[in-house]
Amino acid sequence: ACGVDVNAASIEYCHKKGLQAIVGKFPNPILSGRIFDAVIMNDVIEHLPDPRRALAEARALLSLGGVLFLSTPDIGAIIARLSGNRWLHLKPTEHLTYFNRHNLLQLLSEVGFKTICCYSVGRNRSLSTIIDRMTTYSNILSRVARAAVPDHIARRIHFPVNLGDEMGVLAMRD
């Protein structure tokens, strides 16, 4: 196994756990010639200037029958459409490409992947994070919640949250 991430703190954490990881972008030349049974791209594809090339590179790293898992925001989700320009994942300086289920599955097919499943993924979030992000949709509601729950308590309370606007895709190298 080998990890690649632009976040140096994440790589340092991996090193402390005894894992092989490098600071860098994907695709990365250090991986050339290596073969993996799985490639995982959590919240990566939307940040890349050439998602098609990245997926083709991921496919080249996979053994025959190897699998790719990726997660990315789903701009086609109901909450994304209802939120419009207030959608939490609308980050034009960070997210270079936006995907919906149709265009992502089409792209995966075009670069040689067979989709196994595509579903919405949730995350565990602290109440503090939920309240902070609530400002995107209702500043008043966020202020009331912040006043009602002290931050030192809100940081310790966690909930599973799935708004349906993040998707996970499992695909196999064709």
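Two strands count as paired if DSSP finds at least two bridges between them; strands (E, at least two residues) and helices (H or I, at least four) are DSSP runs, numbered from the N terminus. The model is predicted, so local features need pLDDT of at least 70 and side-chain atom pairs pLDDT 80 or more, while totals for chains, interfaces and linings use all residues. Residues are numbered from 1 along each chain as its sequence is written, and side-chain values use heavy atoms, without hydrogens and water.

Four strands form an open sheet in the order E3-E4-E8-E5, with mixed pairing. Strands E3 (36–42) and E5 (113–120) are at the edges; each has a single partner strand, so one side of each lacks a neighbour in the sheet. From one strand to the next the twist averages 15 degrees (axes are lines fitted to C-alpha atoms, for helices over the stretch in contact, and angles run from 0 to 180 degrees between N-to-C directions).

E3 pairs with strand E4 (residues 62–73) in the parallel sense over six bridges, and Phe36 stands opposite Leu62 in E4. Helix H2 (residues 51–61) packs on the sheet and touches E3, E4, E5 and strand E8 (166–173), contact meaning heavy atoms within 4.5 Å. The direction of H2 makes about 145 degrees with that of E4. Helix H4 (residues 101–110) also packs on the sheet, touching E4, E5 and E8, and its direction makes about 160 degrees with that of E5.

Phe159 is found in strand E7 (residues 158–161). Phe159 counts as partly exposed because its relative accessibility is 38% (buried is under 20% relative accessible area, exposed over 50%, partly exposed in between; 1.4 Å probe, protein chains only).
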